[in-house]
Amino acid sequence: MNGRTELQKNGAKDGISYEDQQTPLISNLKVRDTYPHHQHLPPLDRLGGSFKQLHEAEVTRAMISRYWRDLYERAECDVVIVGAGSAGLSCAYCLATRHPQLRISIIEANVAPGGGAWLGGQLMTAMVVDKGMEQFLDELQVPYEDEGHNFVIVSHAALFTSTLLAKVLLQPNVKLFNATAVEDLIVKSQQHDANIDGHGNDEVQHQQRVAGVVTNWTLVAQNHHSQSCMDPATVMAKIVISATGHDGPMGAFCVKRLESMKMVPKLGGMGALDMTRAETSVVENTREVVPGLIVAGMELAELDGANRMGPIFGGMMASGIKAAQLAAKKLQLA
C-alpha cells in the first residue's frame, strides 16, 4: 500500500483532497497464528465434580489485590486511551503489539467495552467494513465475505469486537479499567521560550498541555447530584488518546471539556449522514488537537462538524490505527 486506504481513494472521487500519510496505516500488519487449534476438555464425569471447596474471603482478596495493584501501578502510564469502541481498541491493539514497552491504560465508562461495535445498523448483526482494511481483519483472523462492492462483510459485528478485545487484553502491557468514567482532564501549564519578534528577543510563554485524566467509577460519576462531593482519582500520561464517540451520555467528552476550557473553538457538531465523506474525514482529521491529546473516531465529527458515518466501520479502525502511529511518533518510537 502507498499510505492511502481504499476508503481515502474512493473519497477523492467526491472532490475531497487527501494528503498521503507519512506512514502507511496498515502496511506492516501480518497474520499471526499463536494458539493451538485443538485442546483437550476434561472428561464429562469430572466436570463440576472436580471443584474444590472455596473460601469466599480468598476469592474477594484475589480480586481486590489485582485491581488495586493495577490502579497503583497505572497512576502513571505512557498512554491513556479514553473509550474502548472500535477506534479505541484498534488503537490499543496497534500500539501494544508494535511497542510492547509502552504502558497502556484503557478507560471505558460502560461495563461492556466495545462501544457501538457489537451490532451493525438498526440492531442488525452484520458489520460492513470499507475495502482497504482487509489486512487488519486478516491479522486479527476475523473472516469476512467479499461480494464485489467497495466493502467487505463480517458475519457478526460481535465476532470482530470480541476478537479484537481479546487480543488487546492478552497484551501484557495493556490494562483495561471498565465501568470507569473520565470526569475531567489534567492540564498543565508548561513554559517555553519563544522568539516573538524574529530579532532574538525571547519571551517566556506558557503552553497548556493535557497531562492525564481524572477518573471515577461510572456509577459515582452519574450520581454526583444525589450525594455530597465524591472526589475522583487521577491518571497521569505522556499522551492521552480520546475516542469516546459522538455526542451522548458519555460521548465526545474530551472535546466538550476542551471547549468549556476554551482550549478549542466552539464545536462544529456532527453533520448529516454521508458515509464516504464521513469515513474519509475521520481518518484524515485524526490528529493531536491540543498538546498531549490525540482525538480519534467519531468524537472528531463533533469537533469538526464532519458528517455522520452510520453503520460502516473501516474509518473507525483506520482512525484508531492512525492515532496509534501519531502517539508513537510523539513518543519518538516511530
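**Cavity**

I started inside: the largest cavity has Ala278, Ser281, Val282, Met298, Leu300, Ala301, Ala306 and Asn307 as its lining. My working definition, on a 1 Å grid over the protein atoms alone: a cavity is a set of points where a 1.4 Å probe fits but cannot get out, a pocket is an open set with protein on both sides within 12 Å along at least five of seven lines, and lining residues have an atom within 4 Å of a point.

Caveat for myself: this is a predicted model, with local features needing pLDDT of at least 70 and side-chain atom pairs counting only at pLDDT 80 or more, while totals for chains, interfaces and linings use all residues. Residues are numbered from 1 along each chain as its sequence is written, and side-chain values use heavy atoms, with hydrogens and water left out.

I found 1 cavity of 30 Å³ or more, and the largest holds about 30 Å³ of space. Volume here is the space filled by probe spheres set on the grid points, which are joined across faces, edges and corners.

Which elements supply at least two residues each to that lining? Helix H8 (275-284) and helix H9 (299-304) do, and H8 gives the most, with 3 residues. Helices (H or I, at least four residues) and strands (E, at least two) are DSSP runs, numbered from the N terminus.

I sorted the cavity lining by class and got 6 nonpolar, 2 polar and no charged residues. For the classes, Ala, Val, Leu, Ile, Met, Phe, Trp, Tyr, Cys and Pro count as nonpolar, Asp, Glu, Lys and Arg as charged, and the others, Gly among them, as polar.

Next I checked the largest pocket, with about 900 Å³ of space. Its lining has 40 residues, and Gly115, Gly116, Thr244, Gly245 and His246 lie nearest the centre. Helix H3 (86-98), strand E2 (104-108) and strand E6 (180-195) are the elements giving two or more residues to this lining. By class I read 19 nonpolar, 18 polar and 3 charged residues.

**Helix packing**

Axes are lines fitted to C-alpha atoms, for helices over the stretch in contact, and angles run from 0 to 180 degrees between N-to-C directions. Contact means heavy atoms within 4.5 Å. On that basis, the H8 side includes Glu279 and Glu284, and the H10 side includes Ser319 and Lys322. The contact residues divide into 4 nonpolar, 3 polar and 3 charged.

Among the residues in contact are Cys91 and Cys94 of H3 and Ala323, Ala324, Ala327 and Ala328 of H10. I get 11 nonpolar, 3 polar and no charged residues there.

Last entry: H3 and helix H5 (residues 157-169) pack at about 35°, axes 9 Å apart, in a left-handed crossing.

Methods: Left-handed = near helix turned anticlockwise from the far one by under 90°.
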